[in-house]
Amino acid sequence: MDEKELWAKFCQGGKIQDYLEYRNCVNSAPKTELDRCDKDKCTGVGNTGAEYR
């Protein structure tokens, strides 16, 4: 199942186990370039910091 299907299953049943399955799916998703940017508040890759000059 994908993330959206697991979320729908949780919304329908409301079971804790369904939510935990959803979270496992979300946490196991591959990290992207944007995740690195989000982690360090966009001070990483490609940020020139020009707005602070």
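## Overall layout

In what order do the elements of the chain run from the N terminus on? They run α-α-α. The model is predicted. The chain holds three helices and zero strands.

The chain has 53 residues, and buried residues make up 8% of them. Its accessible surface comes to about 4,700 Å². Carbon and sulfur atoms account for 55% of that surface.

## The salt-bridge network

How many salt bridges does a search of the whole structure find? It finds two. Lys9 takes part in one with Asp18 and in one with Glu21.

Start with Asp18. This residue lies in helix 2. Its closest approach to Lys9 is 3.7 Å, taken between N and O atoms. Is Asp18 buried or exposed? Asp18 counts as buried because its relative accessibility is 8%, and the cut-off for buried is under 20%. Leaving out residues up to four places away in sequence, Asp18 touches Lys9 and Phe10. Lys9 has 33% relative accessibility, so it counts as partly exposed.

Now the second bridge. The side chains of Glu21 and Lys9 meet at 3.8 Å, N to O. This pair links distant parts of the chain. Glu21 sits in helix 2, Lys9 sits in helix 1 (residues 3–13), and the two are 12 residues apart. Glu21 is partly exposed, at 30% relative accessibility. The salt bridges share partners and join Lys9, Asp18 and Glu21 into one network. In general, side chains of opposite charge can pair when their charged atoms come close.

## The aromatic cluster

Which residues form the aromatic cluster? They are Trp7, Phe10, Tyr19 and Tyr22. The whole structure contains four aromatic pairs. One of them is Phe10 with Tyr19. Their ring centres are 5.3 Å apart and their planes meet at 55 degrees, so this pair is tilted. The reasoning rests on two limits: planes under 30 degrees apart count as stacked, and those over 60 count as edge-to-face.

Tyr19 also pairs with Tyr22. Here the distance is 6.1 Å centre to centre, with 40 degrees between the planes. This pair is tilted. Both tyrosines lie in helix 2, three residues apart, which is about one turn of the helix. Tyr22 counts as buried because its relative accessibility is 13%. Tyr19 counts as partly exposed, at 33%.

## The nonpolar surface patch

Which residues form a nonpolar patch on the surface? Trp7, Ile16, Tyr19 and Leu20 do. Together they present about 400 Å² of accessible area. Helix 2 (residues 16–28) supplies the largest share of the patch, three residues.

Tyr19 is one of the patch residues and lies in helix 2.

## Helix 2 in brief

Asp18 lies in helix 2 and bridges to Lys9. Glu21, also in helix 2, is paired with Lys9 of helix 1. Three residues of the nonpolar patch come from helix 2.

How values were computed: Residues are numbered from 1 along each chain as its sequence is written. This is a predicted model: local features need pLDDT of at least 70, side-chain atom pairs count only at pLDDT 80 or more; totals for chains, interfaces and linings use all residues. Side-chain values use heavy atoms; hydrogens and water are left out. Patches are made of residues with over 30% relative accessible area and no salt bridge: like charges are joined within 9 Å, nonpolar side chains (Val, Leu, Ile, Met, Phe, Trp, Tyr) within 5 Å. Accessible areas come from the Shrake-Rupley method with a 1.4 Å probe; for residues, only the protein chains shown count as cover. A salt bridge is a side-chain nitrogen of Lys or Arg within 4 Å of a carboxyl oxygen of Asp or Glu. Helices (H or I, at least four residues) and strands (E, at least two) are DSSP runs, numbered from the N terminus. Buried means under 20% relative accessible area, exposed over 50%, partly exposed in between (1.4 Å probe, protein chains only). Contact means heavy atoms within 4.5 Å. Rings of Phe, Tyr and Trp (its six-membered ring) pair if their centres lie within 6.5 Å; planes under 30 degrees apart count as stacked, over 60 as edge-to-face and the rest as tilted.
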